[in-house]
Structure formats: structure tokens, C-alpha cells
Amino acid sequence: MMIKICGMREVENINALQQLDIDFMGIIRYPKSKRFVDEQQKSAIEKLTMNKGTVGVYVNASFEEILQDIIPLQLDVLQLHGDEDSAFAKALLELDIKVFKAFQMNEDFNFESFKDWEQLAKEYQGKLFFLFDTATKNYGGSGKKFNWQLLDNYTGNIPFLLSGGISNDDASDIKNIKHDMFLGVDLNSQFEDEPGLKNIEMIKSFIEKLRK
Ligand SMILES: O=C(O)c1ccccc1NCC(=O)[C@H](O)[C@H](O)COP(=O)(O)O
């Protein structure tokens, strides 16, 4: 199972996380987020040697803004967490980089609306993934879970990460998820001492439970 830890920004915290058995770490480049990585923090992160997949997280950013981050932040994945359409994602996929497209889940979510995305995934095999997060007016980082039974309505074939309020108590429920397209989890605010600062011991204990 893949594990992504989102909202990293402190060098020491990033280095500590690099020692753990995780797959991706997310760096939020959305100025309205409490976990926003500013230009000064970006410069510090640029100097690090990253041994995990690095994910740049964006909310309705321009193509140029995203482009300016890819090389300095050594990005492997672009996470589109706003209202970006499939045409925008296609332009980024053309750069030969992976894309995680986030969707805001609530009881009214229409899983039939994925036609364009399914087409894109066919064109860019193994490059496009979904991330199902809890709907919130701030786009992400709500700390709240959505109703995971909604996942039964997803019959598409694009693999997804599960996100939104996942906490240390959820390991056994996560291990019971049987969906064929379930790829892994995205952890954030429930594993923090303060916004942008992760509790490494808590993450370590969660990973142990999940990988057991
Ligand atoms: O975390 C944020 O502050 C954030 C703000 C705006 C857009 C995206 C954001 N986070 C992106 C993520 O991938 C989070 O891990 C995801 O929203 C789940 O967060 P949480 O509910 O805190 O576990």
C-alpha cells in the first residue's frame, strides 16, 4: 500500500520523514493553506536530497507557476487539488510527470463525471491517479473523513489514494478496504504537532500497524 504524507515544510522534519517507509511527501504551494511553503522555505527544500517521491500540491495555480517549481523542488508528481480540468492536467502530463487529481467527496458526488479523465488515463498510462479527499471550502486539510462507503460507487479504472482526516485509529479500517483501484493513503493534519510539522513517532506507529 502506498503512503503519502502531505504538508511538509521544515527541513529537519522532512529529513526525519525520509527515514521512514513511505512513498511520497507533499509540499503545498497554495498560498491560502496553513501549510504553504513560501519562497524562503522552498529555497531550503531545494538543497535537500530527496529519497521519496516529491509531490507539489496546487489549487488552481497557473501552468507557469507550477512549471517554476518542478525542477527546483525535484517534483515527481503534481497534485491538482482545485477545480482544474482534464485539459489542464493533459498539458502537465505532456511534461512527462505524474499527476494526482484530487476530488472533493460529499454525498452528492457524481462518479459518472469522470469520462474525460478516463480518456486521459488511457493516453497517459500509469501517469494519472486520483485522490479522493473530503469536501471543504478550503479545498483540503480539513482533518475530516468523508463517508468511505461512497467509494463503492466508484467503478472506474484509475487508481486512487484515499485522503481526508485519516488518523492513527484508522489502520484496521484501511486494511479492510477491498476496492480494486485502492492504491494507498494520504496523511496530513491528524499526524501533526502544528500545521506543517509532522509527528514522526505517530507516523511511524501508524505505518507499523498498516504494514503489519
Ligand atoms: O493541507 C492543506 O492545508 C491543504 C489546503 C488546500 C489544499 C490541499 C491541502 N492539502 C492537500 C492534501 O493532500 C491533504 O493531505 C488532504 O487534503 C487531507 O488532509 P487532512 O484532512 O488534513 O488529512
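Please keep in mind that the model is predicted.

Let me begin with the sheet. Eight strands form a closed barrel, in the order S1-S2-S3-S4-S5-S6-S7-S8, and their pairing is parallel. On average, neighbouring strands of this sheet are turned by 30° against each other, with direction ignored.

Strand S1 comprises residues 2-5 and strand S2 comprises residues 24-28; the two pair in the parallel sense over two bridges. Within this part of the sheet, Ile5 has Met25 in S2 as its bridge partner. Helix H7, residues 200-211, packs on the sheet, where it touches S1 and strand S8, residues 182-187. The direction of H7 makes about 165° with that of S1.

I now turn to the loops. Which residue lies between helix H4 and strand S5? Asp96 is located in that loop, with H4 covering residues 86-93 and S5 covering residues 98-105. The phi of Asp96 is near 65°, a positive value in a residue other than glycine. Is Asp96 buried or exposed? Asp96 has a relative accessible area of 58%, and is therefore exposed, the cut-off being over 50%.

Tyr139 is not a glycine, yet its phi is positive, at about 80°.

Technical notes: Residues numbered from 1 in each chain as written. Predicted model: local features only at pLDDT ≥ 70, side-chain atom pairs only at ≥ 80, totals over all residues. Heavy atoms only, no water. Pairing = 2+ DSSP bridges. Helix = DSSP H or I, 4+ residues; strand = E, 2+ residues; numbered from the N terminus. Axes fitted to C-alpha atoms, helices over the stretch in contact; angles between N-to-C directions. Contact = heavy atoms within 4.5 Å. Buried < 20%, exposed > 50% of the residue type's maximum accessible area, 1.4 Å probe, protein only.
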